[in-house]
Amino acid sequence: MAEHQAGKQKNDNGMKETVVAVNRVAKVVKGGKRFSFSALVVIGDGAGKVGCGLGKANEVQSAIQKGTAQANKSLISVCLKDSTIPHEIIGISGAGKVFLKPAAPGTGVIAGGSVRAVLEAVGIKDILSKSMRSSNPFNVVYATLNALSSLRSKEEIAKIRNKEVADI
């Protein structure tokens, strides 16, 4: 089905799957502690589509499968300009705040772990990013997705304003 390498996987429908975080949660019950797991999974086709999902289960593998299924349902399209993004943007989710800035070709992905997973899944090759406030991978991933979903191309903005692209 897929080759597994350092949390990254390619599933059968051509999507890159990355496990960003696995959390062990303990519930204290009368007889002791009951453990369960939550997994944050990011998937993308490397050409402008990305999604993330949170799966919770009693085993890690089941949590990852549930997260992948959730991520498949929450795919969004991202506006790209060549190998980067069209403009600077800030995304916020909870206490997580992520700043994304387009970069010249050849720069590479300058990003931390959680942000990098999302950007590589989308297929962005050149970008600068700064994760501010929270370091919680869940909030950082959601903030990055918030920023990417808010991106607009010049054509979209011109259409909204009823103007020509040259006027903007």
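Contact here means heavy atoms within 4.5 Å; the legends below describe a predicted model.

**View 1. Surroundings of leucine 100.** Beyond its neighbours within four places in sequence, leucine 100 is in contact with Ile85, His87, Glu88, Ile89, Val115, Leu119, Ile127, Leu128, Ser129, Ala147 and Leu148.

**View 2. The largest nonpolar core, with 28 residues.** Val50, Leu100, Leu119 and Leu148 are the residues with the most contacts inside this core. Two or more residues each are given by β4 (32–44), β5 (49–57), β8 (96–102), α2 (113–122) and α3 (137–149). The largest share, 7 residues, comes from α3. Another core, of 9 residues, lies apart from this one and includes Phe37, Ala39, Val41 and Ala71.

**View 3. Serine 129 in strand β10 (residues 127–133).** Serine 129 has a relative accessible area of 17% and is therefore buried, the cut-off being under 20%. Its side chain reaches the backbone oxygen of isoleucine 110 at 3.0 Å. Leaving aside neighbours within four places in sequence, the contacts of serine 129 are Phe99, Leu100, Ile110, Ala111, Gly112 and Val115.

**View 4. The open sheet of 4 strands, in the order β7-β8-β10-β9.** Pairing in this sheet is mixed. Strands β8 and β10 pair in the antiparallel sense over 7 bridges, and lysine 97 stands opposite methionine 132 in β10. Helix α3 packs on the sheet, where α3 touches β7, β8 and β10. The direction of α3 makes about 135 degrees with that of β7.

Terms used:
Residues are numbered from 1 along each chain as its sequence is written. This is a predicted model: local features need pLDDT of at least 70, side-chain atom pairs count only at pLDDT 80 or more; totals for chains, interfaces and linings use all residues. Side-chain values use heavy atoms; hydrogens and water are left out. A nonpolar core is a set of buried Ala, Val, Leu, Ile, Met, Phe, Trp, Tyr and Cys residues joined through side-chain atoms within 4.5 Å. Buried means under 20% relative accessible area, exposed over 50%, partly exposed in between (1.4 Å probe, protein chains only). A polar contact is a pair of N or O atoms within 3.5 Å; within protein, one must be able to donate a hydrogen and the other to accept it, and residues adjacent in sequence count only if both atoms are side-chain atoms. Two strands pair if DSSP finds at least two bridges between them. Axes are lines fitted to C-alpha atoms, for helices over the stretch in contact, and angles run from 0 to 180 degrees between N-to-C directions.
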